[in-house]
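Look at the model below with its sequence beside it.

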Amino acid sequence: MKTILNVIWLVLSGLWLFLGYLLAGVILCITVIGIPFGLAAFRIGVYALWPFGYTTVERRDSGAPSLVGNVLWVVLAGWWLALGHIVTGIALCFTIIGIPFGVANFKLIPVSLMPLGREIVRTDQPFAAR
């Protein structure tokens, strides 16, 4: 079932969201200071490409540096990536078939706003990262 949902997701919104994250990652990797943010964009982009069967968990070992990084992330790239999820989610919710995918887009907003200090894991192993 996850594969079917992921294929439909890929066609409806996953590819476009992935390209947005890819563009953000390339732009952020241009400078040396932005490389960690670019890597985070690539990581979340893969998650946005194929989200069903995966979830995010909070890393307990992240502290103040990830908080500062998340504030910088929101300013540099997070707000317009989250806006992309909002617009796509609203557009998908106009059809009955698209409602679950719209809700999935809304669930991706927190990780698109604050990706640092979070880890993407399979849903059958949500505690394996600890």
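Ile-96 lies in the loop that joins α3 and α4. Helices here are DSSP runs of H or I with at least four residues, strands are runs of E with at least two, and both are numbered from the N terminus. The model is a predicted one, in which local features need pLDDT of at least 70 and side-chain atom pairs count only at pLDDT 80 or more, while totals for chains, interfaces and linings use all residues. Residues are numbered from 1 along each chain as its sequence is written, and side-chain values use heavy atoms, with hydrogens and water left out.

Is Ile-96 buried or exposed? Its relative accessible area is 74%, so Ile-96 counts as exposed.

Helices α3 (64-92) and α4 (99-107) each supply at least two residues of the patch. The most come from α3, which gives 5 residues.

Helix α3 also holds Ala-77. With a relative accessible area of 2%, Ala-77 is buried. Leu-28 is 49 residues away from Ala-77 along the chain, yet their C-alpha atoms are separated by 8.4 Å.

Helix α4 can be compared with α1 (residues 2-28): their axes come within 11 Å and cross at roughly 50 degrees. Axes are lines fitted to C-alpha atoms, for helices over the stretch in contact, and angles run from 0 to 180 degrees between N-to-C directions. The two helices, α1 and α4, are therefore oblique to each other. Angles under 35 degrees count as roughly parallel, over 145 as roughly antiparallel, 65 to 115 as roughly perpendicular and the rest as oblique.

How many salt bridges does the structure hold? There are 2, a salt bridge being a side-chain nitrogen of Lys or Arg within 4 Å of a carboxyl oxygen of Asp or Glu. Side chains of opposite charge can pair when their charged atoms come close. Arg-59 pairs with Asp-61, and their closest N and O atoms are 2.9 Å apart. Arg-59 is partly exposed at 37%, whereas Asp-61 is exposed at 60%. Arg-122 and Asp-124 form a salt bridge at 3.0 Å, N to O. Arg-122 has 42% relative accessibility and is partly exposed.

Gly-63 sits in the loop between β1 (54-58) and α3, and at 39% relative accessibility Gly-63 is partly exposed. Pro-110 is in helix α5 (residues 109-113) and is partly exposed too, at 48%.

Key. Buried < 20%, exposed > 50% of the residue type's maximum accessible area, 1.4 Å probe, protein only.
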